[in-house]
Every structure is written in structure tokens, then in C-alpha cells.
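Student: I am new to this structure. Could you take me through a single part of it, step by step?

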Amino acid sequence: MTNSATPTFDLNQHMARLLLDEPFFASLSRRIDKRIKTDIPTAGVWISEQTGNFELLYNPEFFGSLASDTERIAILKHEFYHIIFLHVTGRLPEGGMSKKWNYATDLAINGLPDMINALPKGCLIPAEKGSLFESFPAGLSADQYYAMLPDKGEGEGEDGQQGDGDKQGTHEGWGESDSNLSDAVKEIAKERLKNSLREAAKDATKKGWGSVGSDMRKEIMDRLSTTVDWRKTLRYFIKTSTR
């Protein structure tokens, strides 16, 4: 259930200031819907079945509780990276969404050079001394981390989390989004994301890429060359227009 009362931290009012030094993410943010959702503890991303758009869902109390803007920016970038990498729908492992995939994608993002020292305490970070993931090297893909992680039940607590878990690592709505969405809606969302990435890349070329490194820029640009199944896209538009 969303909360219509005045939020403790209205992300929309702060977004421009938070991403002032991140032209690429600022441009991408303007093209992604944001919605308050108080029944999730932190933040997450999913695809809206109604609009076919990626949405950033967030708990305002969580953002208000973070110690600094550096941590808020890192959380925003973390969620945007999930969208960029299509962790929500496009690259799910066999068996679909799971907490293990959740962990694997978080490790892949949180080990990026621009993320590793900016995140709040409690996040899953590879190669972090004293953590359960100290032996996991940074810089691997989500698929590689997924293969390294134990299956459910091995080294996990009763709630399925490993050790103390990841306070910023639960992405509510992922499983629901994946299981309920048609392939057509996913195709629409991916095509719209590609257009958003293209525009954000244009803006970054003019204003700078901020913390986005050269390897990541190349990966983003490579994603812009993918194609969409326009048959599915057309069927989706006909269906939604009729409805």
C-alpha cells in the first residue's frame, strides 16, 4: 500500500541536487517513474504492467534515515544499475527470480569501482574484509556470483538470508514483476529503456559521464545495439488500446 501522507523524504524534490555531478544518471532518472511505497523497507525497481515502464519504488523513511547524500546517491545508482543491466526481467537465471539472484546482482553492482566505498553499512560487497563475501573477488558478473553462491539452505538463516543479510539488498516486487508480466510488456519496457539510455548517453557526451567509467560506458553503448521484437510490441499496443 502506498502512503498518500506527506513523506519524510520526497525523492523527487532532491533528485536534481543529488545527481548534480552525475549527468548520465540524472538524465536517466528523468525518464524513470518514481513512486513512494511504504510497505517496502528500502528501495527497489520493477516494471509497471499498466504503463510498461520501469519504476523506482522507495520508502521515504529509509532515504531520510541515510547518513549522507553520498549514501543516497549510491543507493540511487545501485537501483539504476539494476535497470541498466536488466536484472529485473531480461537476464533471469533458470528458475526465475530468487533471493540468490538478488544477492548475485547486488554483488555485481556493489563491487563496481564507483560503488564499493560509497554504500551504506549492511550492503553486500564482494571482497569486503570480515564479511561473508570476503573471498568473493570484485568485478565479476551477476551470473558468476550466482554460480559461486550456495543454494538456499546452505549457510542461510531461517529467513533465507545469509548471516545478517543485506539491509539494502531486498528488492520487493522483482518476483511479482517477473511472474505476472507478459513477454510483450517486457519487450516494451526494454525498448523504452534503450531509448532512455540513448538519450542519457547523448546528454553525458555533452556534459560528462560523472562516475561512470570507460568500461561501463562501453557496456552501456553496446546495449543500445540490441533489437526488439516488434510483433510482440504491436500486439501489446493493440491489446492495451482495446482495453
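**A close look at the sheet**

Tutor: Of the 243 residues in the protein chain, 50% are buried. The model is a predicted one. The chain holds ten helices and three strands. In sequence order, the pattern is α-α-β-β-β-α-α-α-α-α-α-α-α. Among contacts with a separation of 6 or more, 68% join residues 24 or more positions apart.

Now to the sheet. Its three strands form an open sheet, in the order β1-β3-β2, with mixed pairing. The edge strands are β1 and β2 (43-47), and each pairs on one side only. On average, neighbouring strands are turned by 25° against each other, direction ignored. Strands of a sheet pair through backbone hydrogen bonds, and the pairing can be parallel or antiparallel. Both kinds occur here, as the mixed pairing says.

Take the parallel pair. β1 (residues 33-36) and β3 (residues 54-58) run parallel and are joined by four bridges. Arginine 35 has leucine 57 of β3 as its bridge partner. Isoleucine 36 stands opposite tyrosine 58 in β3.

Next comes the antiparallel pair. Five bridges link β2 and β3 in the antiparallel sense. Glycine 44 stands opposite leucine 57 in β3. Isoleucine 47 has phenylalanine 54 of β3 as its bridge partner. β2 and β3 form a hairpin, with six residues between them. Glycine 52, in the turn, has a positive phi of about 70°.

Which way do the side chains face? In a regular strand they alternate between the two faces of the sheet. In β1, Lys34 and Ile36 make up the covered face. Asp33 and Arg35 make up the uncovered one. β3 is another case. Phe54, Leu56 and Tyr58 point one way from β3, while Glu55 and Leu57 point the other way. All of these β3 residues are buried. Since five of the five residues of β3 are buried, this strand is largely enclosed by the rest of the structure.

What lies across the sheet? Helix α4 (residues 69-84) lies across β2 and β3. The helix runs at about 25° to β2.

With a relative accessible area of 3%, lysine 77 is buried, because buried means under 20%. Leaving out residues up to four places away in sequence, lysine 77 touches Glu22, Phe25, Asp114, Met115 and Ser211.

α4 also has a helix partner. Two packed helices are described by the angle between their axes and the distance between the axes. Helix α1 (residues 11-18) packs with α4 at an angle of about 100°, and their axes are 11 Å apart. α1 and α4 are therefore roughly perpendicular to each other. From α1, the contact is made by Leu11, Met15, Arg17 and Leu18. From α4, the residues are Asp69, Arg72, Ile73 and Leu76. The residues of this contact divide into five nonpolar, no polar and three charged.

To recap, β3 sits between β1 and β2 in the strand order. β3 runs parallel to β1, and pairs with β2 in the antiparallel sense. α4 lies across β2 and β3.

Terms used: Residues are numbered from 1 along each chain as its sequence is written. This is a predicted model: local features need pLDDT of at least 70, side-chain atom pairs count only at pLDDT 80 or more; totals for chains, interfaces and linings use all residues. Side-chain values use heavy atoms; hydrogens and water are left out. Buried means under 20% relative accessible area, exposed over 50%, partly exposed in between (1.4 Å probe, protein chains only). Helices (H or I, at least four residues) and strands (E, at least two) are DSSP runs, numbered from the N terminus. Two strands pair if DSSP finds at least two bridges between them. Axes are lines fitted to C-alpha atoms, for helices over the stretch in contact, and angles run from 0 to 180 degrees between N-to-C directions. Contact means heavy atoms within 4.5 Å. Angles under 35 degrees count as roughly parallel, over 145 as roughly antiparallel, 65 to 115 as roughly perpendicular and the rest as oblique. Ala, Val, Leu, Ile, Met, Phe, Trp, Tyr, Cys and Pro count as nonpolar, Asp, Glu, Lys and Arg as charged, and the others, Gly among them, as polar.
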